[in-house]
Amino acid sequence: MAKRKGAEANSQEEGDNTATLSPAERAAAARAQIREQKRALKRLRLDEKKAAKAKQREATEAVRKDKSDGVDVTDQGWPLELSTGASRVAFVTSSVWDARLDAATLDSYGVPEVARGLPKDLKQMVAPYAAIEAVAVRRVTSKEHPACGQHGLFAARYIPPRTHVLDYVGFITDETRCSTTSDFIMRLDGPLSVDAERCGNQARFINDFRGVAAKPNVELVLGSERPPTMQVWTAAEGVAAGTELLLSYGKGFWEARR
């Protein structure tokens with residue numbers, strides 16, 4: 001009982017002390033309290049930011065380790081089974097335009113002679129592999145993934161929203177000459193399409209979002225350059241490190257394969 005009375009007395013004394021402060025002193029005390037609250041909030045946000053960066057570094061390191069230690073990719077990141085033999089896919093940094101297209105058409109698109117070729121030339125093409133820092137080709141291992149056992153393209157670091165990641169390149173021809181077996185055809189402009197079945201870059205490994213995520217996190221955009229390019233851009237939200245890049249192939253793609 002004595003302790004309780006003592007506590008009540010101390011509380012009363014503190015209240016009396018506060019009551020004796022002048023208006024200016026009370027205002028100063030309130031400002032000091034607000035400053036302390038702001039400092040505490042700032043420290044909390046800094047801690048959260050540090051934790052987020054640490055998590056991102058771990059995810060990035062995991063992607064790099066997977067890329068360097070995986071037995072299914074070359075030292076540079078191109079899948080081994082696509083590097084040699086009958087299934088070889090030539091790595092190219094820019095698209096090859098079908099030399100069989102009308103010369104006037106090629107000229108109208110501003111296609112230089114060096115960028116023109118024939119389907120038979122694709123197997124002989126050899127270009128140094130050019131890594132793209134933001135992405136890495138990895139084998140899909142999740143059993144729930146529709147492309148399990150195949151490859152996908154993953155973010156090697158955080159990629160901000162509305163960012164041009166890379167171009168979708170391949171063999172450009174018209175719809176009358178498109179491969180009937182390819183799963184890598186993307187419409188470019190008018191009757192022209194880009195086919196990455198026999199030549200391409202990392203973009204050919206971007207899978208469809210269906211069965212993997214609620215919506216795609218990248219999209220294809222027609223570039224304004226001449227000759228035109230098909231560009232891969234992140235959508236309205238950024239892509240976190242370690243996350244797979246996913247497109248929408250369109251309903252027509254799947255309907256044609258039923």
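**Strand β9 and its neighbours**

Reader: How many bridges join strand β7 to β9?

Author: Strand β7 covers residues 171-174 and runs antiparallel to β9. Strands are DSSP runs of E with at least two residues, numbered from the N terminus, and two strands pair if DSSP finds at least two bridges between them. Within this pair, Asp 174 stands opposite Leu 192 of β9. The number of bridges joining β7 to β9 is four.

Reader: On what basis are such features reported?

Author: Residues are numbered from 1 along each chain as its sequence is written, and side-chain values use heavy atoms, leaving out hydrogens and water. Totals for chains, interfaces and linings use all residues of this predicted model, whereas side-chain atom pairs count only at pLDDT 80 or more, and local features need a pLDDT of at least 70.

Reader: Which residue of β9 is the bridge partner of Asp 189?

Author: Strand β8 (residues 185-189) pairs with β9 in the antiparallel sense over four bridges. The two strands form a hairpin with two residues between them, and Gly 190 in the turn has a positive phi of about 60°. The bridge partner of Asp 189 in β9 is Leu 192.

Reader: Are the residues on the two faces of β9 buried or exposed?

Author: In a regular strand, side chains alternate between the two faces of the sheet. In β9 (residues 192-195), Leu 192 and Val 194 lie on one side, with Ser 193 and Asp 195 on the other. By relative accessible area (1.4 Å probe, protein chains only), under 20% is buried, over 50% exposed, and in between partly exposed. Both faces of β9 are covered, and these four residues are all buried.
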